[in-house]
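Q: I'm new to this one and would like a close look at a single part of it. Could you walk me through a pocket?

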Amino acid sequence: MERFTTLTGIAAPMPLVNIDTDMIIPKQFLKTIKRSGLGANLFDEMRYFESGHENPEFVLNQEKYRDCQILVTGENFGCGSSREHAPWALMDFGIRCIISASFADIFYNNCFKNGILPLTFSQEIVANLMQDAEKGANARMTIDLETQSVTTSDGERFLFDIDRFRKYCLLNGLDDIGLTLEKIAFIDTFERQSRMERPWV
Amino acid sequence: MPPKTLYDKIWNAHVAHEAVDGTCLLYIDRHLVHEVTSPQAFEGLRIAGRSIRSPDKTIAVPDHNVPTTEGREDPQNMTEDSAIQVAALDKNAREFGIHYYPVTDIRQGIVHIVGPEQGWTLPGMTVVCGDSHTATHGAFGSLAHGIGTSEVEHVLATQTLIQKKSKNMKVEITGKLAPGVTAKDITLSVIQRTGTAGGTGHVIEYCGEAIRDLSMEGRMTVCNMAIEGGARAGLIAPDQKTFAYIKGRPHAPKGAQWEAALAWWKTLYSDEDAIWDKVITMSADDIAPVVTWGTSPEDVLPITDVVPSPHDFEGGKVGAVERSLEYMGLSPGTKLSDIKIDTIFIGSCTNGRIEDLRAAADILRGKKIQSGLRAIVVPGSGLVREQAEHEGLAEIFRQAGFEWRLAGCSMCLAMNPDQLRPGERCAATSNRNFEGRQGRGGRTHLMSPAMAAAAAITGRLTDVREMI
Ligand code: SF4
């Protein structure tokens with residue numbers, strides 16, 4: 001997994017609430033057996049007309065946001081399905097951080113497994129960051145995971161909370177499976193015991 | 001001992017390791033796998049040279065992509081990319097030696113219907129699947145939730161998940177449901193009340209008389225949509241109905257093991273004085289047959305109501321409602337029962353079980369659907385289909401003008417050829433009305449099987465109570 005330490009980049013505003021995983025990556029793109037290449041179809045139905053042409057109104061099609069690495073979004077971002085294709089598509093497009101007042105559980109989890117940092121702030125702070133994102137390409141936001149802070153283009157700084165274990169994994173780009181396999185003895189013991197207690201499982 | 005919730009009890013029985021910060025390795029009893037979210041996980045194992053820790057606890061079935069028309073076992077009848085995914089599952093299942101139900105097997109069907117049907121899902125278990133509607137299995141009092149593909153790989157390799165405990169939420173439905181009101185109306189009404197993020201970070205336990213009175217099928221419908229309310233999982237404490245449903249299923253325990261299992265299962269309930277982080281109480285009297293009018297599962301209203309206006313809402317929802325009414329082609333003030341439909345879809349892991357087909361067939365018996373409508377029934381599994389044929393339900397559907405399909409997800413998410421065309425409007429028994437969910441530009445109204453059957457007869461959204 002790619003490490004996440006600091007990031008300075010363009011933030012794009014997406015104030016819509018309840019942006020679901022079908023919007024992030026529609027199902028016709030789930031028929032892949034790979035993780036890569038999904039960025040081209042990120043937000044497909046909002047981003048392109050049926051003819052395949054870009055919808056110039058869509059935020060990521062605007063010149064100033066084409067290279068954005070941060071999304072500031074309405075609440076409950078990523079609701080819907082468990083498809084990890086959603087973070088794969090975001091990552092492939094170049095998004096490394098998403099800021100919202102709330103995220104759907106599974107999507108939130110999936111982000112961490114793919115080196116994307118989802119940040120939760122109060123509605124008020126999200127509104128503030130949304131304004132900053134609306135300034136376009138010259139306004140860059142800085143995210144520092146070590147100090148747990150976001151700094152706007154005006155130099156305003158907001159601190160965020162994050163689970164310690166998740167922070168550690170992101171900072172070091174650690175693979176969960178490798179970490180768990182270090183604890184294999186505990187799993188062996190659990191399995192032996194539960195085979196006695198619940199032999200029908 | 002301090003009082004515990006059902007969730008606490010199942011959780012405690014599965015912690016294989018707990019770190020100082022509360023991060024746990026949760027042991028997984030059943031891992032269900034389908035073709036869409038698993039190929040990258042198996043590939044990951046191969047690349048790392050890892051094997052599956054417990055192939056005997058892993059069950060695979062293709063459901064999302066597969067056509068539900070005859071001749072589907074021939075890859076020629078699938079799009080190339082679908083065929084590749086189904087073939088990849090076939091290869092992975094055989095190579096890694098896991099339990100597997102290919103499309104040619106009568107037991108094939110939607111993964112969340114097959115699990116309980118085969119007795120894989122049992123009370124007190126932890127059940128996961130790379131699919132958000134894994135919550136369905138919570139109807140048995142098992143802790144069941146969806147996971148992403150990286151976690152699928154993690155469970156395959158370690159039979160555990162890295163987890164932190166969620167909060168406890170109780171949803172109590174008191175009293176008795178009126179005729180024509182079903183499990184689907186309960187679950188949609190709860191989401192209307194809590195919103196799609198109301199359950200975020202929580203595991204919901206559903207309880208109360210109206211829940212107790214539901215059949216196992218109905219309970220599965222309720223838990224299925226816990227995820228639509230944002231919850232990690234939905235739970236219902238097991239009782240005699242649960243045990244009766246399980247007994248004799250192919251993978252249910254037998255003999256002395258059955259007795260031992262039963263003794264433990266009977267301890268699986270929330271203690272009287274358990275502490276909840278959030279409690280919601282609703283009366284069954286306040287629940288009517290409902291439909292969705294927008295593009296979020298929280299956009300729910302009784303069928304007797306009218307399409308709302310964006311001004312009825314606050315904050316970010318105002319813009320979302322404007323957008324969704326435009327997408328749905330609806331104007332505020334229109335009576336919901338005046339909305340004309342083009343398509344009816346009965347099926348999915350929410351409402352593709354035998355009881356759902358019976359409920360729809362009861363309304364359709366001896367009747368015809370409006371001419372010009374496209375109507376399909378997709379049983380949730382090959383066994384549901386077989387039973388429905390045996391009970392004469394298939395005949396009722398056919399006579400009414402429905403297509404009688406083979407098992408799969410089908411038009412619930414339209415990854416197979418069953419899709420809505422732009423602007424087409426569908427009465428659907430599935431669980432998501434998101435933009436494009438049933439096909440680009442397609443418009444979905446969620447409802448119960450009986451309501452969908454009523455809509456098929458009149459050609460518009462209809463109050464099923466007028467027909468019973
Ligand atoms: S029926 Fe629909 S919701 Fe259920 S597993 Fe299939 S696609 Fe998902």
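How many residues line the second largest pocket, and which of them lie nearest its centre?

A: Happy to. Keep in mind that this is a predicted model. The second largest pocket has 26 residues in its lining, and those nearest its centre are A:Glu45, A:Met46, A:Asn55, B:Arg323 and B:Glu435. As for volume, you're looking at about 860 Å³.

Now for the pieces that build the lining. Helix 11 of chain B has the largest share, with three residues. Sort the lining of this pocket by class and you get 13 nonpolar, 10 charged and three polar residues.

For some context, glance over at the largest pocket, with its volume of about 1500 Å³. Its lining takes in 49 residues, and A:Tyr108, A:Asn109, A:Phe112, A:Lys113 and A:Arg166 lie nearest the centre. Among the elements that give two or more residues there are helix 4 (105-112) and helix 6 (164-172) of chain A, along with helix 5 (149-158) of chain B. Helix 2 of chain B gives the most to the lining of the largest pocket, five residues. By class, the lining of the largest pocket splits into 18 charged, 17 nonpolar and 14 polar residues.

Technical notes: Residues numbered from 1 in each chain as written. Chains lettered and ligands numbered in written order. Predicted model: local features only at pLDDT ≥ 70, side-chain atom pairs only at ≥ 80, totals over all residues. Heavy atoms only, no water. 1 Å grid on protein atoms, 1.4 Å probe; cavity = no way out; pocket = protein on both sides within 12 Å on 5 of 7 lines; lining within 4 Å. Points joined across faces, edges and corners; volume = space filled by probe spheres on them. Helix = DSSP H or I, 4+ residues; strand = E, 2+ residues; numbered from the N terminus. Nonpolar A, V, L, I, M, F, W, Y, C, P; charged D, E, K, R; others polar.
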